[in-house]
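Let us walk through a protein structure together, one step at a time. Please have the sequence and the 3D view open as you read.

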There are 2 protein chains.
Amino acid sequence: MVHAETSTGVLQPLESIAAEAQNAGALMVVDAVTSLGGVELQVDTLGLDVVYSGSQKCLSCPPGLAPITVSERAAKVIGDRRSPVQSWYLDLSMIQRYWTQERFYHHTAPINMIYGLHEALRIISEEGLESCWQRHLANSEAFCAGLHAIGLHTLVSPANRLPSLISVKVPDGIDEAAVRRTLLTEFNIEIGGGLGELKGRIWRFGLMGHGSRERNVLLLLVALEKALQKHGWTS
Amino acid sequence: MVHAETSTGVLQPLESIAAEAQNAGALMVVDAVTSLGGVELQVDTLGLDVVYSGSQKCLSCPPGLAPITVSERAAKVIGDRRSPVQSWYLDLSMIQRYWTQERFYHHTAPINMIYGLHEALRIISEEGLESCWQRHLANSEAFCAGLHAIGLHTLVSPANRLPSLISVKVPDGIDEAAVRRTLLTEFNIEIGGGLGELKGRIWRFGLMGHGSRERNVLLLLVALEKALQKHGWTS
């Protein structure tokens, strides 16, 4: 399952689903691309078997790496496979042999990216992982409070709202693409539009990693209000 | 086929094989990992259909990218496929849609790597691609002349010798791993050992990209002679 659902801004309830997976003896694979570093994620406590993420979201590192963790249970399943893995690139059994003492060659590692990730993790470690989660939550709540104050509404209720990406309903009669263009050209702020069924109906605001900070929240609210007014909005 | 064969140090004759492929109406796929930028490679003149390389060899860029080129003929074959591509990562039909005007999302591009590659290509462009090939060839020939002068022999005859990686026969009675260790610990020079059938029988010297220069050739010859003498070699 996807932990942090970026197309809707929903933070999925890992705990209950992980417990069901455990009960059923199933392996649990979690996409934590937009949650790792920005949202509480208890890999071992919840018994998550495979969790992968990206470097370029809440870790604030350049894109190009996908950190991954594999439980002993999942490693055993991979090791016991009879059929060959169809993808060389994501053949975890070969990557496992590269990772261990054996150093069985699999690929030339993108070393500069790894130095970058190391530095990004060092910065998070310096702030403290829990503080990092708290910061994401506090800035998200401040942003949502500001949105409500100017008369806008979030798509997701607070209980399931993702702190690192907030989806906001486009008010009736507003050209959502025009608002995004104004934010980009006049304020150098790029936000996302809706996808699929939500196309044209929501905006998606990322407040993740280094970007999740008070000054950005304040600027974002002012810029958004001005852009909306420019395009005919009266709250 | 592999253009620059790094396990043996052979430069494969592309021309004749490409011509045969054309005659047979076959697509020609070339691994140019250790040749691009260091050895003449005429993609369009030879009608090569798919050529891929790495950023970290003769281009002297950090590892993490694989430049690829696809001929119109190969692009048509990919576009006409009926069966789905099994690998998301190397699904060129999706990457093609990402590359074109459509900008169909496929992956988050590793932008810092792309900046790095751009700079590496700029440096090559400044030197001139043909000059770059010439430099690789001249330094390789100088190194081989030096090897012969101290009584060592290359594995590959000059006609098929790869300029960016030179394989050298280990003299009888010499502990090849000990020589490599001495080069690494005393001179900070890392060379490769033989692989497969050539394990223990050859050394592999990389002279590629930024590393292919006169001062390295001179240092390498002196260091190699000293390391050999230390381990009991008398030429």
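We will go from domains to chains, then to salt bridges, and end with one histidine.

This is a predicted model, in which local features need pLDDT of at least 70 and side-chain atom pairs count only at pLDDT 80 or more, while totals for chains, interfaces and linings use all residues. Residues are numbered from 1 along each chain as its sequence is written, chains are lettered from A and ligands numbered from 1 in the order in which they are written, and side-chain values use heavy atoms, with hydrogens and water left out.

Start with chain A. Its domain assignment gives domain 1 (4-127) and domain 2 (129-230); such bounds come from an automatic or database domain assignment. The C-alpha centres of these two domains of chain A lie 28 Å apart. Where they meet, 21 residues of domain 1 are in contact with 22 residues of domain 2, contact meaning heavy atoms within 4.5 Å. The area buried between the two domains is about 1700 Å², and carbon and sulfur atoms give 61% of that. Buried area here is the accessible area (1.4 Å probe) that two parts lose on being put together, summed over both.

Which kinds of pairing are found across this domain interface of chain A? There is 1 salt bridge, meaning a side-chain nitrogen of Lys or Arg within 4 Å of a carboxyl oxygen of Asp or Glu. There are also 9 residue pairs in polar contact, both residues at pLDDT 80 or more. A polar contact is a pair of N or O atoms within 3.5 Å; within protein, one must be able to donate a hydrogen and the other to accept it, and residues adjacent in sequence count only if both atoms are side-chain atoms.

Now look at how chain A meets chain B. The contact takes 12 residues from chain A and 12 residues from chain B. About 960 Å² is buried between the two chains, with carbon and sulfur atoms giving 65%. On the chain A side, A:P63, A:Q86 and A:Y89 supply 45% of the area buried against chain B, more than any other three residues. How many salt bridges cross from chain A to chain B? The rule finds 0, while 2 residue pairs are in polar contact, both at pLDDT 80 or more.

Over all chains, the salt bridge count comes to 16. Side chains of opposite charge can pair when their charged atoms come close. One example joins A:D49 and A:R73, whose closest N and O atoms are 2.8 Å apart. A:D49 lies in the loop between β3 (29-31) and β4 (50-52), and A:R73 in helix α2 (residues 72-79), so the pair ties together parts of chain A that are 24 residues apart in sequence. Helices (H or I, at least four residues) and strands (E, at least two) are DSSP runs, numbered from the N terminus. A:D49 is buried, at 2% relative accessible area, whereas A:R73 is partly exposed at 34%. Buried means under 20% relative accessible area, exposed over 50%, and partly exposed in between (1.4 Å probe, protein chains only).

Finally, find B:H106, in the loop between α3 (92-99) and α4 (111-127) of chain B. B:H106 is buried, with a relative accessible area of 5%. A polar atom of its side chain lies 2.9 Å from the backbone oxygen of B:W88, and the side chain of B:H106 also makes a polar contact with that of B:H107 (2.8 Å).
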